[in-house]
Amino acid sequence: MRDLVIIGGGPAGMSAAIAAYENGVKDILILERDESLGGILQQCIHNGFGLHKFGEELTGPEYAWKYEAKVRELGIECKLNTMVLDVSEDKVVTATNSEDGIFQIQAKAVILAMGCRERSKGALNIAGSRPAGIYSAGTAQKFVNMKGYLPGKNVVILGSGDIGLIMARRMTLEGAKVHAVCELMPYSGGLARNIEQCLNDFNIPLKLSHTIVKIHGKQRVEGVTIAKVDENRRPIKETEEYIACDTILFSVGLIPENELSKSANVELSGITSGAVVDQDRQTSVEGIFSCGNVLHVHDLVDYVSEEAEIAGKAAVEYINGNKDESVSIPVKTDGKIRYTVPQIITKKKDVSVYFRVSNIYKNVTVKVTDGENVLLSKKRVKVAPGEMESVTLKKEMLENAKELYFSLEEK
Amino acid sequence: MERKLTCIICPLGCELTVQVEDKKVLDIKGNTCPRGKVYAESECINPQRTITSTVRCNDGGLVAVKTDKPIPKDKMTECMAVINKAVATLPVSIGDVIVEDVFGSNIVATQNRK
């Protein structure tokens with residue numbers, strides 16, 4: 001029997017563990033499948049992490065070390081190289097590693113912090129055979145930054161999310177030529193600063209509303225045919241263009257990795273692909289919490305750490321048998337706002353609600369209503385799908401609330 | 001002359017409009033914090049970037065590194081050449097200087113390796 005089992009030793013898992021420890025639960029076990037803590041941050045050697053949380057610009061490994069050092073200092077137990085096979089609804093965790101074999105732990109509370117994985121080329125329906133030279137951007141990142149291999153010399157990148165942009169710069173600095181970054185949407189999903197410092201600095205063209213329609217080459221990638229897409233995202237034949245290259249990187253989205261959540265019967269959202277949670281990041285299964293990229297994909301690790309602290313603290317309250325009065329206020333959205341986290345409010349207290357929009361909107365008002373009542377109204381100069389937004393609802397606003405509705409009003 | 005910049009200091013990515021004449025900044029608009037102003041001035045007069053990369057270790061593995069200060073933007077390629085020639089002797093801790101004084105900055109480790 002354990003008080004708290006945390007699945008995943010990345011930024012979310014470590015931050016949740018520290019928060020739980022500091023709030024009084026010391027019997028914690030972190031299960032991590034990799035050989036070290038830190039998760040994906042270990043391969044994100046670029047800087048830009050931690051500005052929000054620590055007020056300084058850190059690289060991924062430096063950010064991870066701040067948490068790992070704390071986990072070690074507090075003496076929180078971690079099992080590395082350990083794969084969790086199953087989590088049951090009654091919080092029995094089944095895991096395996098080469099020292100302990102297959103083992104089971106009954107936990108009082110479980111925090112799911114497994115992170116996300118990349119959408120693969122297979123999900124995209126692109127014509128051509130299966131030559132060598134096709135990588136997800138994250139795989140290429142691991143090769144370059146952790147193994148010291150350069151996957152290719154002439155590169156085309158599909159997808160302008162942050163990982164794709166970061167890899168465009170990284171491959172260029174290591175001597176590769178990045179011919180283009182193609183983006184299906186009319187806007188980039190990445191941060192403006194990354195377009196500036198990763199593409200513009202190196203004169204790498206960003207081709208918006210473009211996609212790869214064909215991959216050429218049988219043994220090795222020899223080139224791609226790209227084309228502009230119309231407003232329905234269908235390629236326009238006349239705009240086809242051939243680019244010779246030996247490598248293609250796909251940076252086409254991240255998907256929360258929720259196989260274990262499913263095995264525990266946790267209700268998932270069709271929009272985020274993560275769990276449906278309340279303000280404490282508690283899932284539909286009592287005592288099972290979810291935080292970080294397994295819950296919804298974040299753009300900044302700083303927010304992952306913050307979210308994990310919420311889950312860590314809440315797990316402690318759950319273990320200690322918190323008896324606060326509970327309510328059930330669903331949070332709905334209008335579609336322009338694609339989703340919120342949390343999706344349900346179960347306790348009347350100050351709640352920060354995070355959300356993402358479905359398109360780029362300028363000069364809009366974010367409105368939170370409860371039936372006829374406008375609870376909150378905030379102006380935003382610009383909102384974009386790539387940038388997570390948040391508003392804070394005060395306890396008083398929730399006093400008589402039945403159902404919250406998040407909408408975006410354009411002028 | 002008017003220059004449009006995207007601030008790269010933080011994830012907000014403010015759009016800056018800068019009036020520059022003869023390498024002098026006359027006016028900056030669009031920044032939402034003082035650091036944006038400093039960035040705009042530096043970007044117009046002496047653009048600088050922090051470089052992050054990896055250095056080979058004496059066991060054949062890699063350690064992640066960065067320049068501990070931004071270096072002139074037009075020296076990025078030369079800086080990479082220095083980084084790619086360097087060899088780090090293990091063990092290495094975060095903050096250890098791997099190469100001294102590269103365009104006014106030190107190349108320091110950003111990872112611990114035994």
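Student: In this predicted model, how many residues of domain 2 of chain A are in contact with domain 3 of chain A?

Tutor: The model is predicted, and two residues count as in contact if their C-beta atoms, placed from the backbone, lie within 7 Å. Domain 3 of chain A contributes four residues to this contact. On the side of domain 2 of chain A, two of the residues are nonpolar, three are polar and none is charged. The number of residues that domain 2 of chain A contributes is five.

Student: What distance separates the centres of domain 2 and domain 3 of chain A?

Tutor: In the division of chain A, domain 2 covers 120–252 and domain 3 covers 326–411. The centres of these two domains are taken over C-alpha atoms. The separation is 35 Å.

Student: Which element gives the most residues to the side of chain A that touches chain B?

Tutor: The contact between the chains takes 19 residues from chain A and 21 residues from chain B. On the side of chain A, the elements that give two or more residues are α3 (60–74), α4 (137–147) and α6 (192–199). With four residues, the element that gives the most is α6(A).

Student: By class, how many nonpolar residues does the contact of α1(A) with α8(A) have?

Tutor: Among the residues of α1(A) in this contact are Pro11(A), Ala12(A) and Ser15(A), and those of α8(A) include Val301(A), Glu309(A) and Lys313(A). Three residues of the contact are polar and two are charged. The nonpolar residues number twelve.

Student: Is the crossing of α4(A) with α5(A) left-handed or right-handed?

Tutor: α4(A) packs against helix α5 (residues 162–173) of chain A at an angle of about 35°, with the axes 9 Å apart. The residues that make the contact include Gln141(A) and Val144(A) of α4(A), and Met167(A) and Arg170(A) of α5(A). The crossing of α4(A) with α5(A) is left-handed.

Student: Which strands are the edge strands of the five-strand open sheet in chain B?

Tutor: The strands of this sheet follow the order β8-β5-β6-β10-β9, and the pairing is mixed. Within the sheet, β5(B) and β6(B) run antiparallel and are joined by five bridges. An edge strand pairs on one side only, and the strands in that position are β8 (87–88) and β9 (97–102) of chain B.

Student: Where is Pro91(B) found?

Tutor: Most peptide bonds are trans. The bond from Leu90(B) to Pro91(B), however, is cis, with omega near 0°. Pro91(B) is found in the loop between β8 and β9 of chain B.

Student: What value is phi of Arg233(A) near?

Tutor: Most residues other than glycine have a negative phi. Arg233(A) is placed in the loop between β15 (223–228) and β16 (241–244) of chain A. Its phi is positive, near 65°.

Terms used:
Residues are numbered from 1 along each chain as its sequence is written. Chains are lettered from A and ligands numbered from 1 in the order in which they are written. This is a predicted model: local features need pLDDT of at least 70, side-chain atom pairs count only at pLDDT 80 or more; totals for chains, interfaces and linings use all residues. Axes are lines fitted to C-alpha atoms, for helices over the stretch in contact, and angles run from 0 to 180 degrees between N-to-C directions. A crossing is left-handed if the near helix is turned anticlockwise from the far one by less than a right angle, and right-handed if clockwise. Domain bounds come from an automatic or database domain assignment. Ala, Val, Leu, Ile, Met, Phe, Trp, Tyr, Cys and Pro count as nonpolar, Asp, Glu, Lys and Arg as charged, and the others, Gly among them, as polar. Two strands pair if DSSP finds at least two bridges between them.
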